[in-house]
Amino acid sequence: MTRHPSPALERQGGAVTTTAPPASPGRGRRRRREGRWAAWAFLAPVTIYLLLFYAYPLYRNVELSLRDYTVRSFVHGGAPFAGLDNYREILTNPTFGPALAHTVVFTVASLAFQFSIGLALAVFFHRHFPLSRTLRALFLVPWLLPLIVSASTWSWMLNSDAGVINAALGAVGIEPVNWLTSPQWSLASVTIANIWIGIPFNLVVLYSGLQAIPTALYEAAALDGASGWQRFWRVTFPLLRPVSAITLLLGFIYTVKVFDIIWIMTRGGPTDSSTTFATWSYRLGFGNLLPAFGPGAAVGNLLIIMALISGLLFIRTQRRQAS
Amino acid sequence: MKTSARTRRAIGAALVAVAVAGGPAACSSAADDDSSSAGSGSGTYAIWDPYPQFSDDSEWVKLLRGCGTAAGVTVERTGFDTTDLTNKALLAAQQDNSPDVLIIDNPVISTLAEAGVLTTTEETKLDISAMEPNLIAAGQLGGKTYGVPIGANTLALYYNKDLLTAAGVDVNSVTDWPSLTAALAKVKAAGKKGITFSAIGTEEGSFQFLPWFWGSGAQLTTLDSPQSVAALTLWTDWLGQGYAPNSVINNTQTTSWQEFASGDYAFSENGTWQLANAEKLGFAYGIIPIPGRTGGTAPAPTGGEFVSIPVQGRTERYATSQKLVSCLTSADNLLTTDTTLSYVAPVAAVQAKQVAADPKLKVWVEAVGAAKGRTSDNLGTKYPKISEPLWTAMQAALSGSKSPQEALTAAQAAASSATN
């Protein structure tokens, strides 16, 4: 060993194992090849998983939307290629305009309220007063409930005739409102329910973001004579920006595809007044005795594209802010 | 280097967004695990039914097992939610994994027949001669029959005896629409609520509207006829005058039943399947058939399931499947099954036995006799394309966004363009 001080061996001792000893190039190549196989073997599960559970369903959905499927050709194959016919059908459908508008209103209103209420509560609970833990835990309840439970509860509470909300309004002398059964109110009702369900998520993420802000900064700001309001806008808000950004992105992806709440509460009705792309896609594909797979998949793909574009735009603005 | 890594990360994040948002895709392409048993082992036969409420120790499952034993095979039964079963059956057929016997809601038969998923009763030599013609019609398409009805249910009006007596209404006076509306007015004047039904924006809503639609003489091929407008106007006026609650627009048949069970409502349009719950009501109840516009019993739509034999790659399995279906639909077993499900039997002789055992069923047997399949009259898969505009019109008129005439004119336009 001392006669042949091989650099490779030394490096091996230093935990670098990839370089082959120059004395035996054949063995080294084999080892390198083995290393590559090992790398592939480690990569394989996740690749297969991605292909099987993400790429293939996505491909099938695109394929469904580009062919003219009937129930017969869905089972026996041979659906003719229809190009963008399904998309054309969707775009000219009288439901398209309202569904797009409702999706935008529902998503923007939900995000704005969820985020601002969530942030206000996070700042509130950040002060650590007696019982703050218990109260904070109570705020998580909407998040823990299965959606079918919370949506059904909301629809009972908002019932025109027997609902507790109309009873409360009646007690203070306000005329009952047909929350779920009038075209003017149905979208607002499902949005309110969705805001309530989304607040805990915003609260939890923003609260943990607040804990990452060093208290020294607040002390310094206080010494400089900053008011509570100034401390929030000059210290908390800017430092919370990365966390806020991810909260809003996740919130967006989640909200744009919300289906269960709307379906359980109003079925997208009455007459499309609370239909979003998510419920419309479901209604086309599954909500009828005779499923329309092609148009249903086309609407689903539009939803995916909306999420994709917003995600990319979001990441771009975030990167610009960072640099 | 830095930018490309960033781009990659951006695309990665975007893909995650896509994956999270791609809901419907996953449903439509996932293969079904439960069905793998269908093609395997000649001694095991798969039966799918829409009765998830029955567990393995229920009478229904015992009957299925018994029929299997009689045919010399083992039965593997899976109960699905009824709204799930259409797509499950289509997907299974796509994978050539269909169950040997499929029990499915009657209006779905035409969809599955259209898809080429079901065998005809000629092919599998099933005897359908004893079945009532108006019930089996829902399973017939182009002169061929695709299944055997296992039982039927339909709609009628449950009424609250105590409440009607208190309001001074004689239920025997309710024979047509004007007398029904007059009864509702009296109930309202007595400070109670009139009638509850389900006008939800799904097939369930159309199902509940059809007795009034047909009872006025309207045809599904012409949604904007004066008769059809009269039927929708009847409902709209009930809402306008406060005889029916505004919540009907969002009511399922279950929520509408809950309203009736509260004891505040005089009438409820509901089905045979509520009979067991009706016994638990805190007041005396009765049942009358839904009146036609000018009297008589209105034809209500038939509900209930058909037993069918899906197409198999291995046609030699049909012989055993045929034995299973014949066993399930034999007179004795029909009596057991329809009593369990609280359905009316599709065979006159068995209906007579049911009425003998429970005289309360008489009104239901009559209602089923007057009932009509939604996909009958050779409408087949046109029915779903008519039903959706119909329930949309119903919702538009009841929520006040359109007049009944406007709503139904729009519905007819939508139905014409969808069916042609």
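**Sheet in chain B**

I looked up an open sheet of five strands in chain B, with the order β2-β1-β3-β11-β6 and mixed pairing. I keep in mind that this is a predicted model.

Which strands stand at the edges? I found β2 and β6 (148-149) of chain B there. Each has a single partner strand, so one side of each is left without a neighbour in the sheet.

I then went to β1(B), residues 44-49. Five of its six residues are buried, so the strand is largely enclosed by the rest of the structure. For that call I used the cut-off of 20 or more other C-beta atoms within 10 Å.

I followed β1(B) to β2(B), residues 74-79. Six bridges join the two strands, and they run parallel. In this pair I47(B) stands opposite R77(B). What does the chain pass through on the way from β1(B) to β2(B)? I traced it through helix α4 of chain B, residues 59-71. I noted this β-α-β crossover as right-handed.

I also checked β3(B), residues 101-105, against β1(B). They pair in the parallel sense over two bridges. Here I47(B) has V101(B) as its bridge partner. I wrote I47(B) down for both pairings: R77(B) in β2(B) and V101(B) in β3(B).

Next came β6(B) and β11(B), the latter being residues 305-308. I found two bridges between them, running antiparallel. V148(B) has V307(B) in β11(B) as its bridge partner.

**Chain B as a whole**

I noted 20 helices and eleven strands in chain B. Its radius of gyration is 24 Å. The globule rule gives 22 Å for 420 residues, and the value is close to that, so chain B is as compact as a globular protein of that length.

I also took the span of the C-alpha trace along its principal axes, about 70 × 70 × 40 Å. Buried residues make up 53% of the 420 residues in chain B.

How many of the contacts between residues at least 6 apart in sequence join residues at least 24 apart? For chain B I have 74%.

**Domains of chain B**

I looked up the division of chain B next. Domain 1 covers 5-149 + 305-342, and domain 2 covers 155-301 + 378-419. Their contact takes six residues from domain 1 and seven residues from domain 2.

On the domain 1 side, the largest share comes from helix α6(B), residues 106-114, with four residues. By class I have two nonpolar, three polar and one charged on that side.

**Chain A against chain B**

I moved to the contact between the chains. Here 50 residues of chain A are in contact with 45 residues of chain B.

Which helices of chain A each supply at least two residues to this side? I listed α2 (25-66), α3 (71-76), α13 (241-256), α15 (277-286) and α16 (293-322). α16(A) gives the most, with twelve residues. The chain A side has 27 nonpolar, 17 polar and six charged residues.

**One residue in chain A**

Last, I picked A120(A), which lies in helix α5(A), residues 96-125.

How values were computed: Residues numbered from 1 in each chain as written. Chains lettered and ligands numbered in written order. Predicted model: local features only at pLDDT ≥ 70, side-chain atom pairs only at ≥ 80, totals over all residues. Domains from an automatic or database assignment. Contact = placed C-beta atoms within 7 Å. Nonpolar A, V, L, I, M, F, W, Y, C, P; charged D, E, K, R; others polar. Buried ≥ 20, exposed ≤ 12 C-beta atoms within 10 Å, placed from the backbone. Pairing = 2+ DSSP bridges. Right-handed = clockwise from strand over helix to strand, strands pointing away. Rg over C-alpha atoms; globule rule 2.2 N^0.38 Å.
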